[in-house]
Amino acid sequence: MALQDVAQYMIDPDFVDQVLLQRRTPQGVDQYGRTTFVTNTSPVYMCVQGKKEEKLTREQNDAWLTDAIDVYYAGILYGASPGGYADVVVWKDKRYQVESVVDNYSNYGAGWTHAVCRLEAVNNG
């Protein structure tokens, strides 16, 4: 069976969306002892796929659904790690945090990365 190169479709506007990629780097500590960040935002193209899962999270006084997406990007994406901060993908006016990098082919060919991103919780206070 012949293999088909699909790299040309990953840059086709019919298959990709323009999203905002936010990278956070620590800058210092504020007067309350919390880390302050510098956020670098850049518009990039990613292939975004909705995941078929929704998690229902229940707590004593609350319950909510968490949503996830799969993204494919011609570059490197960073998930949360000790001493590091996860990238944030803004897609359709919603903020998704990179939860895990599934496949990192940044050293091969065009350098695609496949990551799973979870919808960020809304903080009202």
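Asp 70 sits in strand β3, which covers residues 63–74. The model is predicted. With a relative accessibility of 12%, Asp 70 counts as buried, because the cut-off for buried is under 20%. The side chain of Asp 70 makes a polar contact of 3.4 Å with the side chain of His 114.

**Surroundings of Asp 70**

- Neighbours within four places in sequence are left aside in the contact list of Asp 70.
- The list then includes Cys 47, Val 48, Gln 49 and Lys 51.
- His 114, Ala 115 and Val 116 are also in contact with Asp 70.

**Aromatic pairs**

- How many aromatic pairs does a search of the whole structure find? The search finds two.
- One of them joins Phe 37 and Tyr 85, whose rings lie 4.7 Å apart, centre to centre.
- The planes of Phe 37 and Tyr 85 stand at 80 degrees, and the pair is edge-to-face, because angles over 60 degrees count as such.
- This pair links distant parts of the chain, as Phe 37 and Tyr 85 are 48 residues apart.
- Phe 37 belongs to strand β2 (residues 35–58), while Tyr 85 lies in the loop between β3 and β4 (88–91).
- Phe 37 has a relative accessible area of 35% and is partly exposed; Tyr 85, at 33%, is partly exposed.
- Trp 91 and Tyr 96 form a pair with ring centres 6.3 Å apart.
- Their planes are at 50 degrees, so the pair of Trp 91 and Tyr 96 is tilted.
- Are Trp 91 and Tyr 96 buried or exposed? Trp 91 counts as buried at 14% relative accessibility, and Tyr 96 counts as buried at 2%.

**The chain as a whole**

- The protein chain has six strands and zero helices.
- Read from the N terminus, its elements follow the order β-β-β-β-β-β.
- The protein chain has 125 residues, of which 26% count as buried.
- Among contacts in the protein chain with a separation of 6 or more, 47% are between residues 24 or more positions apart.

Terms used:
Residues are numbered from 1 along each chain as its sequence is written. This is a predicted model: local features need pLDDT of at least 70, side-chain atom pairs count only at pLDDT 80 or more; totals for chains, interfaces and linings use all residues. Side-chain values use heavy atoms; hydrogens and water are left out. Helices (H or I, at least four residues) and strands (E, at least two) are DSSP runs, numbered from the N terminus. Buried means under 20% relative accessible area, exposed over 50%, partly exposed in between (1.4 Å probe, protein chains only). Contact means heavy atoms within 4.5 Å. A polar contact is a pair of N or O atoms within 3.5 Å; within protein, one must be able to donate a hydrogen and the other to accept it, and residues adjacent in sequence count only if both atoms are side-chain atoms. Rings of Phe, Tyr and Trp (its six-membered ring) pair if their centres lie within 6.5 Å; planes under 30 degrees apart count as stacked, over 60 as edge-to-face and the rest as tilted.
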